[in-house]
Amino acid sequence: MTGLFSEVFLSALLFGAVTAAIPLLLAGLGEQMSEKAGVLNIGIEGMMLAGAYLGFVGAFYSGSLWLGFFAGAAGGVAVALVMALLCVRIGLNQIVIGIALTLGLEGLTALLHHFQFSRSYPRLPAAEVTVIPLLSDIPVIGPALFKQHLIVYLAVALVFGMGYVYRRTQLGLNLQAAGDKPAALDVAGIDVVRTRTVAVLTTGALAGLGGAYLANVGAGLFIPFITNGAGFLGIVLAMLARGRPIWVLFGALLFGVCLSLTTAMQVAGINIPTDIIQMLPFLAVMIMLVLFGRRASLPAALGIPYERGAR
Amino acid sequence: MSGFSSSSASGRDIVALEGVTKRFPGIVANDSIDLAIRPGEVHVLLGENGAGKSTLIGMLSGLQQPDEGRILVDGKPTPITSPRHALALGIGTVFQHMMLVPTLTVAENLLLGGPWWQRPRTEELAARVAEITSTLGITIKLHAKVSELSLGEQQQVEILRAMVRNSRLLILDESTSMLTPKGIDELGALMRRLVEQGLAIVFITHKLKEAAAFGDRISVLKLGRKVGEIPPERFRALGEQEIISEIVELMFGQQKDDPEAVERPVRTVHAEAAPLLRVADLAVAPTDNAPGLSSISFDIRPGEILGIAGIDGNGQKQLAEALAGQRATTSGSVRLDGAAIETLSVGERRQRGLRYLTDDRLGEGTVGTFPVSINFFLKQVGAAPFWSKGVEQRAEIDKRAAQLVREYDVRTPSLKTPVARLSGGNIQKVLLARELAEGAKVVIFNKPTYGLDLANTLASRQRIRDTAARGLAVLLISTDLEELLSMCDRIAVIANGALVGIVDNADDARTKVGRLMIGLAA
Ligand SMILES: Nc1ncnc2c1ncn2[C@@H]1O[C@H](COP(=O)(O)OP(=O)(O)O)[C@@H](O)[C@H]1O
Ligand SMILES: [Mg+2]
């Protein structure tokens, strides 16, 4: 009990929170992009799983974490390609296809892993961290926030990058129009299907990267169903963030703290049944939804396939 | 009229349509249309709702492709493959339905369509807009969100957008619908200035006055076909009144070899008989999505068919529902066979003999998943002999239903078939059978042949004539003028929720009704 508020404990808690938050952040940012463009991407959990599996396999065989991240992003894009083809181009139901993709990839990645590794779960070497000088010397938050893998800093930078794209570029206008009034975008001379496809593929890349991070850095190994709902949490984050990347970051950190607390409390040996501790993140989802869900504003054409000239 | 249009009307079309046909499931929206669009001309496209005007525009702006025929741009056959292609060809369209993103600002909407990697060129746009608006005499709030603008302002933004893009051909699809009379005049003056600069304009409206005032050339569409054109030479030679009467002739004139044309049998309506239905000063308050009714007065005598003509959406449905008791009235009286019924409920009115055949056959008229047999008696649920102490009397229902199926020639696989599986014509027969059953005195038909094929249309019309011949009073609401002319004794015209005139169905009725429909005195 004494250790609960010690510097070491808090630092470990925060470090764990960041590690847990990054996959959620990447998934949330990706989902936000799809939703902005009018595509409800339920398949994101499947994209993360594909990313986790390929990311792990890539890193495992090449010995390079970066090649692993690349393979993970490519895996996410491959799944997103199927989604874009079926839901954006052909116009099938996004929810049905999304669920099918997620279920399909849960099975597929588990099966492939089983073929390759039988029942063993080989580990990757611990990811090396990039230490930011000076900042990392701050007590408690220094070691937690500024001794992370490079990709963590990149993910945070992405938040601001995407904020810029949404607010300041022509592409941002196109994405928003594709989600709010696709017909207006179409008659302005921009192909709605192409715009939405770009958004969905980007989602795939980000989700795949998030999955690869989860496996390679967060866990250091791949086990079937490793994402454990992270993609769905990303959907919740995107819906609550009202189109603003910075809110995805805050939300992801909040969930990250909850997830990290789960481990930290167990490590600290606090005497609460683990089942209850493990409910914490989902309790947090419920509370967030009750508090902010009403204000979530979704694009008007979200989930509706666009067909030119139809009415 | 400027002298400019004559000099350029020498055959150099910006865009020409040759035999363009467009079909949608079950309908020919455009039927081999030829059209020439020339620089320096305002080409007015006229036609009622559903005539196919917007479909034509959809093909010019790259939203849809013709099934047959071809489009020539600058004399060369050019399939317009996408909206982007249309814009590149210099065709700018203001669509009938708002095409702005409500969550973006006006400036952002105007910038939509630029290369995606660029930053929006806001300063450039502001300068360009200032230049255009100063010559147009309008002000545009560039930084307001579109959702905060009035509909009129939104329409101005859309017109501005077409101009910012340097269109050679500007298409305005019912752009005056949201404008005030002053705004309409300003738009007219603006169009004149633009064609003087050498633009071509296609201007769609269904208001004849606007057509005559702003146009150089007029084409009239009717049920997908082009039924006539007034070229600029004739246009200039005629006065406004002559133009309007020529258009009325084109829009409402009898077509030759029309299979629906029947000689109207002369019925003897006893002028001295007391009216079965007498409506005086009926009024209904407008709602968000429906116009109100005001000062509606008419009588219908036994054996008489009174028609209600008018362009769809002018209060026809409200009138029918107010009479049937489904819509609250604010004032006025309704007398059925001498007794006041305006305070009675729907069921009580039906009980007294007032019957209403809705145009919403599947939504409001029947329960689609219920069998045909039950649908005959929907309005008698719980009543003897079909229900006894709350229990459905299957045998009784089936016996009577079988009788009605025979009598009304309902083509159904069985009595148990869900009514939604039947064709439109057979659903209509079920409704007819139900509403014309025992005790009917006054029957309101709302668009009874809408969407039916020819055979069922003719059958329904005969049914309505028979109803009147039995001595019932019939109110026939229809947007099909031919139908009214072939069936009614008198025709009332509804516009903006008011009856603007009642005409005896004599030889000149067609012209009189047509003039009333477009807001002129009969
Ligand atoms: N995309 C579509 N799908 C099916 N039917 C359509 C479509 N667009 C138009 N129509 C039908 O074509 C006919 C002509 O419609 P439209 O061109 O909108 O007429 P207008 O603009 O003259 O009122 C109508 O009967 C309409 O219901
Ligand atoms: Mg139209």
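In the predicted model described here, A:Ala183 is placed in helix 8 (residues 182–187) of chain A, where helices are DSSP runs of H or I of at least four residues, numbered from the N terminus. Its C-alpha lies 13 Å from that of A:Arg196, a residue 13 positions away in sequence. With neighbours within four places in sequence set aside, A:Ala183 is in contact (heavy atoms within 4.5 Å) with A:Tyr306 and B:Met99. The model is predicted, and local features need pLDDT of at least 70, side-chain atom pairs count only at pLDDT 80 or more, and totals for chains, interfaces and linings use all residues. Residues are numbered from 1 along each chain as its sequence is written, chains are lettered from A in the order in which they are written, and side-chain values use heavy atoms, with hydrogens and water left out.

Helix 7 (residues 170–180) of chain A has 11 of its 11 residues buried, and it is therefore largely enclosed by the rest of the structure; buried denotes under 20% relative accessible area, computed with a 1.4 Å probe on protein chains only. The cover over these residues includes helix 1, helix 6, helix 8 and helix 9 (192–219) of chain A, together with helix 4 (106–111) of chain B. In chain B, helix 11 (residues 316–324) is mostly covered, with 8 of its 9 residues buried, among them B:Leu319, B:Glu321 and B:Leu323. Just after helix 11 of chain B, B:Gly325 adopts a positive phi of about 95 degrees.

The axes of helix 1 (residues 7–36) and helix 6 (residues 150–168), both of chain A, come within 10 Å and cross at roughly 20 degrees, the axes being lines fitted to C-alpha atoms over the stretch in contact and the angles running from 0 to 180 degrees between N-to-C directions. Helix 1 of chain A is therefore roughly parallel to helix 6 of chain A, a description used for angles under 35 degrees. Residues making this contact include A:Leu25, A:Leu29 and A:Lys36 of helix 1 of chain A, and A:Ala155, A:Val159 and A:Tyr166 of helix 6 of chain A.

A:Leu25 is also one of the residues that touch the most other members in the largest nonpolar core, which holds 135 residues; such a core is a set of buried Ala, Val, Leu, Ile, Met, Phe, Trp, Tyr and Cys residues joined through side-chain atoms within 4.5 Å. Beyond its neighbours within four places in sequence, A:Leu25 is in contact with A:Ala155, A:Val156, A:Val159, A:Val248, A:Leu249 and A:Ala252. A second, separate core of 44 residues includes B:Leu357, B:Ile427, B:Ala433 and B:Leu472.

Technical notes. Helices (H or I, at least four residues) and strands (E, at least two) are DSSP runs, numbered from the N terminus. Angles under 35 degrees count as roughly parallel, over 145 as roughly antiparallel, 65 to 115 as roughly perpendicular and the rest as oblique. Buried means under 20% relative accessible area, exposed over 50%, partly exposed in between (1.4 Å probe, protein chains only).
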